[in-house]
Amino acid sequence: MSSTSGTPEIQVRGLHKSFGDNEVLRGIDLEIGRGEVVCVIGPSGSGKSTLLRCVNLLEEPTKGQVFVGGTEVTHPDVDIDAVRRRIGMVFQQFNLFPHLSVTENLALPQRRVLGRDKAQAAKVAADNLRRVGLSEKADAYPSSLSGGQQQRVAIARALAMGPEVMLFDEPTSALDPELVGDVLAVMRMLANEGMTMMVVTHEMTFAREVADRVVFMDDGVIVEDGTPEQVIGNPAHERTRHFLSRLLDPAMADVEEISDQVGKGE
């Protein structure tokens, strides 16, 4: 998977992000090499998704720098639209156009953003539907697809734009458990093809098997950054151990959450 060399594909330096008085990111430094798969894990509210959204400036950092492919995304004169063409983003929700067929959902962004003609956009759409195993759904509409199929269409739509980097924000969190596997299989395929990927996820099996590195965040900072064997298999910090124990024992997590709420008078 990993074939890093030269300039990092993603570079984050001294990143801070505040929403009013709430400082969500508190000085993040992170590098992701070309062809590297990095999974970002951590509790809700730790800043994982905010960090991901800062990479393509969906959230504007309060302070710090972000570089993608050597271009500073945070520079005031950057052509952010040009940078975003190199970055594919897949969200928790699928954000497909319900009134368009699957093929049209893939073709429309290509035609509007990349200027491809109808035939070319349709061919690229077909190629990428094949990659995610959904060629037979080319003429279907989103309402007829399962959640897992819709998410695979969303991945294919991002791939049709020819990105150099793929960002995934909890791509399986809105899916029923039985639908998760097909989406993760597509992501494994991309990792094996050498796609640079930054994945915010709670899927520890995926992180352990596919990631080159795992980053654990809590309270707006990176607590641990290492191989899956280091961070998941043998975490060095108590905060990481506590998070993983709650994740692997949901019943205990529910008890602790109730206790926290009672303690706060909620």
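User: In this predicted model, what makes up the open sheet, and in which order?

Analyst: The open sheet has six strands in the order β6-β7-β8-β3-β9-β10, and the pairing is mixed. The twist from one strand to the next averages 15°.

User: Why are β6 and β10 called edge strands?

Analyst: Two strands pair if DSSP finds at least two bridges between them. Strands β6 (87–90) and β10 (221–226) each pair on one side only, and are the edge strands.

User: How do you know that β7 and β8 count as paired?

Analyst: The criterion is at least two bridges.

User: Why are α5 and α6 called roughly parallel to each other?

Analyst: Angles under 35 degrees count as roughly parallel. Helix α5 (residues 147–159) and helix α6 (residues 177–192) pack at about 20°, with their axes 7 Å apart. The pair is therefore roughly parallel. Their crossing is right-handed.

User: Which residues make the contact of α5 with α6, and of which classes are they?

Analyst: G147, G148, Q151, R152, I155 and L159 of α5 meet L179, D182, V183, V186, M187 and L190 of α6. By class, seven are nonpolar, three polar and two charged.

Conventions: Residues numbered from 1 in each chain as written. Predicted model: local features only at pLDDT ≥ 70, side-chain atom pairs only at ≥ 80, totals over all residues. Heavy atoms only, no water. Axes fitted to C-alpha atoms, helices over the stretch in contact; angles between N-to-C directions. Helix = DSSP H or I, 4+ residues; strand = E, 2+ residues; numbered from the N terminus. Parallel < 35°, antiparallel > 145°, perpendicular 65-115°, else oblique. Left-handed = near helix turned anticlockwise from the far one by under 90°. Contact = heavy atoms within 4.5 Å. Nonpolar A, V, L, I, M, F, W, Y, C, P; charged D, E, K, R; others polar.
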